[in-house]
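Please read the following briefing alongside the sequence and the coordinates.

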Amino acid sequence: MVVAIRLSRFGQRNTPYYRIVVADSRAPRDGKFIEQIGAYNPLRQKDNSKEVVLDFDRVKYWLSVGAQPSERIAKLLSFANVLPTPPVPARKITPTTVTVEETAEATTA
């Protein structure tokens, strides 16, 4: 059984509120979970901040027994200095596409 630390969505339409839960990775997003270890409110508060509440002891316990944090949880835990900053994935460099207008301008100039 692979255990994941992830977000479970609550709240109403257009007002999301997430619980930070430890769950089996095969369980649905809002389904059964093992333990709730925090909450996350992504909407900006009056002081222009986002609210994150974590039980650090339980987070450290679940990480020590092998629970895998999701990408968003890893980022939130890095902000709280529990995990190191996750690496930024490298972007693929694609050649720019040349439009027909650009080629017509290049031939006339």
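With which residue does Asp 24 form a salt bridge, and how far apart are the closest N and O atoms? The partner is Arg 26, and the closest N and O atoms are 3.0 Å apart. This is a predicted model, in which local features need pLDDT of at least 70 and side-chain atom pairs count only at pLDDT 80 or more, while totals for chains, interfaces and linings use all residues. Residues are numbered from 1 along each chain as its sequence is written, and side-chain values use heavy atoms, with hydrogens and water left out.

**Salt bridges**

- The structure holds two salt bridges, a salt bridge being a side-chain nitrogen of Lys or Arg within 4 Å of a carboxyl oxygen of Asp or Glu.
- In the pair described above, Asp 24 counts as buried at 16% relative accessibility, whereas Arg 26 counts as exposed at 67%; buried means under 20% relative accessible area, exposed over 50%, and partly exposed in between, with a 1.4 Å probe and protein chains only.
- Arg 58 and Glu 35 meet through their side chains in a salt bridge of 2.9 Å, N to O.
- That pair links distant parts of the chain, since Arg 58 lies in helix H1 and Glu 35 in strand S3, 23 residues apart.
- Arg 58 is partly exposed, with a relative accessible area of 29%.

**Sheet**

- Five strands form an open sheet in the order S4-S3-S2-S1-S5, with mixed pairing; helices (H or I, at least four residues) and strands (E, at least two) are DSSP runs numbered from the N terminus, and two strands pair if DSSP finds at least two bridges between them.
- Strands S4 (51–54) and S5 (68–69) stand at the edges with a single partner strand each, so one side of each is left without a neighbour in the sheet.
- Strands S1 (residues 3–12) and S2 (residues 15–24) pair in the antiparallel sense over ten bridges, and Gly 11 stands opposite Pro 16 in S2.

**Helices on the sheet**

- Helix H1 (residues 56–64) lies across S1, S2, S3 (35–41), S4 and S5, and runs at about 120 degrees to S3; axes are lines fitted to C-alpha atoms, for helices over the stretch in contact, and angles run from 0 to 180 degrees between N-to-C directions.
- Helix H2 (residues 71–79) packs on the sheet and touches S1, S2, S3, S4 and S5, with its direction making about 95 degrees with that of S1; contact means heavy atoms within 4.5 Å.

**Leu 77**

- Leu 77 is found in helix H2 and counts as buried at 2% relative accessibility.
- Not counting residues up to four places away in sequence, Leu 77 touches Leu 54, Val 59, Leu 63, Val 82 and Leu 83.
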